[in-house]
Amino acid sequence: MAQTQQVKRILVIHGPNLNMLGKREPEHYGSQSLGAIDRSIKDRARELGVEVSAFQSNHEGELVEAIQAAVGQIDGLIINPAAFTHTSVAIRDAVLLLDVPVVEVHLSNIHKREPFRHHSYIADVATAQITGLGPAGYIYALEALAEMIA
Ligand code: DQA
């Protein structure tokens, strides 16, 4: 935990294909681009007085490395591992390196979709899961984390 810092830092990690938001299956993921989502997270962070940085990658190893690099540097993590939610022991193990609250976010409700999306390798190592609330889910995750780490 980055206890000596004044301003609390939250990292937002987006997994594969989320860079295509706005163009990708809008019936599941809506019409907002990832840039617009990140901007609204950062606007809300400013209001809450926390610092947010956001990272997206289509590569599992890059996501693992981003989490590793955050160890001891952040006060909370918001992560939408996208398809890796359902496959990645490596991302789960990386999340276990953190000793800060972690909120898993999904735009769509993964439990209402195909059976292979019902299982998350992250859910039981996260503090909470927000699924099915669209981009607002990131804002709720941020608000919850800001309160938890205040
Ligand atoms: C997702 C749900 C995943 O099943 C899917 O692979 C994604 C996005 C969501 O935000 O709803 O890419 O994580």
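Reader: In which element is Tyr29 found, and how do I read such a label?

Author: Helices (H or I, at least four residues) and strands (E, at least two) are DSSP runs, numbered from the N terminus. Here Tyr29 is found in helix H1. This is a predicted model, in which local features need pLDDT of at least 70 and side-chain atom pairs count only at pLDDT 80 or more, while totals for chains, interfaces and linings use all residues. Residues are numbered from 1 along each chain as its sequence is written, and side-chain values use heavy atoms, with hydrogens and water left out.

Reader: Is Tyr29 buried or exposed?

Author: Buried means under 20% relative accessible area, exposed means over 50%, and partly exposed lies in between (1.4 Å probe, protein chains only). With a relative accessible area of 9%, Tyr29 is buried. The C-alpha atoms of Tyr29 and Pro135 are 8.4 Å apart in space, although 106 residues separate these two in sequence.

Reader: Which residues surround the ligand?

Author: A residue is near a molecule if one of its heavy atoms lies within 4 Å of it. The residues around the ligand include Tyr29, Ala82, His86, Leu107 and Ser108. Sorted by class, this shell has 5 nonpolar, 4 polar and 2 charged residues, where Ala, Val, Leu, Ile, Met, Phe, Trp, Tyr, Cys and Pro count as nonpolar, Asp, Glu, Lys and Arg as charged, and the others, Gly among them, as polar.

Reader: Which side chains have an N or O atom 2.7 Å or 2.6 Å from an oxygen atom of the ligand?

Author: A polar contact is a pair of N or O atoms within 3.5 Å; within protein, one must be able to donate a hydrogen and the other to accept it, and residues adjacent in sequence count only if both atoms are side-chain atoms. The side chain of His86 has an N or O atom 2.7 Å from an oxygen atom of the ligand, and for the side chain of Ser108 the distance is 2.6 Å. Leu107 takes part through its backbone, with an N or O atom 2.8 Å from an oxygen atom of the ligand. On its own the ligand has 320 Å² of accessible area, and the protein covers 99% of that; such areas come from the Shrake-Rupley method with a 1.4 Å probe, and for residues only the protein chains shown count as cover.

Reader: Which value does phi take in Ala82 and in Glu25?

Author: Phi is a backbone angle, and in Ala82 it is near 55 degrees, a positive value in a residue other than glycine. Ala82 lies in the loop between strand S3 (76-80) and helix H4 (89-95), and this residue is buried, with a relative accessible area of 10%. Glu25 is not a glycine either, yet it has a positive phi of about 30 degrees. The place of Glu25 is the loop between strand S1 (9-14) and helix H1 (26-29), where a relative accessible area of 34% makes it partly exposed.
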